[in-house]
Amino acid sequence: MPWTKLKNIILAILAVTNLCLLALLAGQVIQGGQTRAQAQEDAILFLRSRGVELDAGIIPQAIDLPPQTVERDLEGEERAAAALLRGPVTAESRGGEVYRYYNDQGSVQFHSDGTVSAQLDPQSFPLGGDREAGCLALMDQMGFAGVILESAGEELVFRQTWQGRPLFTQQVTLVCQGGGLASITAGRQMVGHPQEDPGRQTISVATALIDFLNGVNALGDVCNRIDGIELGYVTSASLSGPTALTPVWRVTTDTGAYQLDMVTGGVTRVS
C-alpha cells in the first residue's frame, strides 16, 4: 500500500478516536452537571420537608470562590499610605509587627492582622458635596475597593471588596469632620494579592444547604424561610503566616442571619 494512502488512513483513525474521546468527555460533563442539579433539587426538597421555604432562584449554582491566602505586603502598605497622604512618607516600626507611615498630611498605621487606622488633617482631605462618594474615592486612592454600608452622623462604615465580592471581616469606620476625612478607625483592610490555597477544598451547593439546616438546628435556632444568600469571604490572620480567606455564605432568614463556612460547613450567627 502506498505510504500516502496509509498515512491518510492513520490520520482518519486518529481523528475518529479524538471525536470519540471528546464525545465521552462531553457526556461525563453533562452527566456530572445533571447529577449536581439533581442533588441540589433533592437538598431543596429536604429543607422544605423540614419546614424551611426557599426560592431556588436565590441559591448559587456553584461555589465559585476558591479558598485563598494572602501574605502581608509591607511595600503595599507603604504605597497605600503614600497614596492617601499624597506624597512620600516616613516609615516607623513601632514593634509587634506594627508600622506607622506619616508626613505632614497625617499618618497611617498597619498591624500584621490587617488592622488599619489613620489620623488626618480634615482640611487636607475634603469630601465635596457627596460625602459617601468622597470617602469611596479616598479609599480607592489607597487601593481599597468597596462600598459604604451605613452612615450615621459623622461616621461611615466602609466594607472592602475583592474582585467584586464582599470581604465581610474587612470593614473600617471613616470619621468625618468639617467636610473632610479626619480619621480611619475600628477595622481591618486587606493589602496584597491573594493566591489560591490548594490545601483546602469547598463543599458542594447541595452539601452546603444540608449543613446550613443542621448548623441552625445545632445552635438551637429555628427558621422557616431563607430570604437571601450572599457569597463572600472572611479572613483569619496568623501572627507567623499568611492570612486565610475562606469563602462563606451569608444567609438571611426570617429569624436572623447566619454565616456558613464553605470549607468546613460550620454555621455561626451574624449579629
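Arginine 86 is found in the loop between helix 2 (74-85) and strand 3 (90-93), where helices (H or I, at least four residues) and strands (E, at least two) are DSSP runs numbered from the N terminus. The model is a predicted one, in which local features need pLDDT of at least 70 and side-chain atom pairs count only at pLDDT 80 or more, while totals for chains, interfaces and linings use all residues. Residues are numbered from 1 along each chain as its sequence is written, and side-chain values use heavy atoms, with hydrogens and water left out.

Most residues other than glycine have a negative phi. Arginine 86, although not a glycine, has a positive phi of about 60°. With a relative accessible area of 45%, arginine 86 is partly exposed; buried means under 20% relative accessible area, exposed over 50%, and partly exposed in between (1.4 Å probe, protein chains only). Glutamate 97 is likewise a residue other than glycine with a positive phi, near 60°. Glutamate 97 is placed in the loop between strand 3 and strand 4 (99-103) and is partly exposed, at a relative accessible area of 44%.

Side chains of opposite charge can pair when their charged atoms come close. A salt bridge is defined here as a side-chain nitrogen of Lys or Arg within 4 Å of a carboxyl oxygen of Asp or Glu, and the structure holds 11 salt bridges. In one of these, arginine 72 pairs with glutamate 97, the closest N and O atoms being 3.7 Å apart. Arginine 72 lies in the loop between strand 2 and helix 2 and glutamate 97 in the loop between strand 3 and strand 4, so the pair ties together parts that are 25 residues apart in sequence. Arginine 72 counts as partly exposed at 27% relative accessibility. Arg72 and Glu97 are linked with Glu77 in a network of salt bridges.

A further salt bridge joins the side chains of arginine 165 and aspartate 64 (3.3 Å, N to O). Because arginine 165 lies in strand 9 (residues 165-177) and aspartate 64 in the loop between strand 1 (53-54) and strand 2 (68-70), this pair ties together parts that are 101 residues apart in sequence. Arginine 165 is partly exposed at 26% relative accessibility, and aspartate 64 is partly exposed at 47%.

Arginine 159 forms a salt bridge with glutamate 230, with 3.7 Å between the closest N and O atoms. This pair links distant parts of the chain, with arginine 159 in strand 8 and glutamate 230 in strand 12, 71 residues apart. Arginine 159 is buried, with a relative accessible area of 12%, whereas glutamate 230 counts as partly exposed at 36% relative accessibility.

Arginine 250 lies in strand 13 (residues 243-253). The side chain of arginine 250 makes a polar contact with the side chain of glutamine 259 (2.8 Å); a polar contact is a pair of N or O atoms within 3.5 Å, and within protein one must be able to donate a hydrogen and the other to accept it, residues adjacent in sequence counting only if both atoms are side-chain atoms. Arginine 250 lies over the face of phenylalanine 168, at 4.2 Å from the ring centre, the criterion being NZ of Lys or CZ of Arg within 6 Å of the ring centre and within 35 degrees of the ring normal. Residues in contact with arginine 250 (heavy atoms within 4.5 Å) include Phe168, Gly228, Ile229, Glu230, Val234, Tyr258, Gln259 and Val270, not counting residues up to four places away in sequence.

Rings of Phe, Tyr and Trp (its six-membered ring) pair if their centres lie within 6.5 Å, with planes under 30 degrees apart counted as stacked, over 60 as edge-to-face and the rest as tilted. By this rule there are three aromatic pairs. Among them, tyrosine 101 and phenylalanine 110 are edge-to-face, at 6.2 Å centre to centre and 65° between the planes. Tyrosine 101 is buried, with a relative accessible area of 2%, and phenylalanine 110 is buried at 2% relative accessibility. Tryptophan 162 and tyrosine 233 also form an edge-to-face pair, at 6.1 Å centre to centre and 70° between the planes. This pair links distant parts of the chain, tryptophan 162 in strand 8 (residues 155-162) and tyrosine 233 in strand 12 (residues 225-236), 71 residues apart. Tryptophan 162 is buried, with a relative accessible area of 17%, and tyrosine 233 is buried at 1%.
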